[in-house]
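Subject: Structure handover

Hi,

Here is the structure I promised to pass on.

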Amino acid sequence: MARRRSVEEVELVVQQYRASGLSQREFSEQAGIKLSTLGRYVRRGERSEASQQLVRVKLEVPAEPDSGFVLMLGNGRRIASGWEFPEPALAKLIRVVEHA
């Protein structure tokens, strides 16, 4: 039975793999690690890196409340409304106007 690698050992293996420029198959053969094990190590590292990334965002308040929509149809017609439509009703309205 293979011994368990510590978190530090796993990180080192992944760093060595990434620095090697080899495919996972080539690296696993050279390092004596099962391909599936290396793949799991790499995926685990990507998940932990992705979960720790911070992204700067800028929040803005709209200048005015949502005042509806304007649709420019393919036939050059325009639909403007201050009302909110449920999606099925809006789709039906567009189909009717496009064929009128």
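**The core and its surroundings**

Nine residues, V10, V13, V14, Y17, F27, I33, L38, Y41 and V42, form the largest nonpolar core. By nonpolar core I mean a set of buried Ala, Val, Leu, Ile, Met, Phe, Trp, Tyr and Cys residues joined through side-chain atoms within 4.5 Å; buried means under 20% relative accessible area, exposed over 50%, and partly exposed in between (1.4 Å probe, protein chains only). At least two residues of this core come from each of α1 (7-20) and α3 (35-51), and α1 gives the most, with four. In soluble globular proteins, nonpolar side chains tend to be buried together.

Before you go further: this is a predicted model, in which local features need pLDDT of at least 70 and side-chain atom pairs count only at pLDDT 80 or more, while totals for chains, interfaces and linings use all residues. Residues are numbered from 1 along each chain as its sequence is written, and side-chain values use heavy atoms, with hydrogens and water left out.

Which kind of aromatic pair do Y17 and F27 form? The pair is edge-to-face, at 5.7 Å centre to centre with 65° between the planes (ring centres of Phe, Tyr and Trp, the latter by its six-membered ring, must lie within 6.5 Å; planes under 30 degrees apart are stacked, over 60 edge-to-face, the rest tilted). Y17 lies in helix α1 and F27 in helix α2, so the pair ties together parts 10 residues apart in sequence. Both Y17 and F27 are buried.

R5 sits in the segment before α1 and is partly exposed, with a relative accessible area of 31%. Neighbours within four places in sequence aside, R5 is in contact (heavy atoms within 4.5 Å) with V10, V13, I33, T37 and Y41. The side chains of R5 and Y41 are also joined by a polar contact of 3.2 Å (N or O atoms within 3.5 Å; within protein, one able to donate a hydrogen and the other to accept it, and residues adjacent in sequence only if both atoms are side-chain atoms). On the same terms, V10 touches R5, Y41 and R44.

**The whole chain**

The protein chain has four helices and two strands (DSSP runs numbered from the N terminus: helices H or I, at least four residues; strands E, at least two), in the order α-α-α-β-β-α. Of its 100 residues, 18% count as buried. Mean pLDDT (the predictor's confidence in each residue, from 0 to 100) is 79 for the chain, and 81% of the residues score at least 70.

Best wishes
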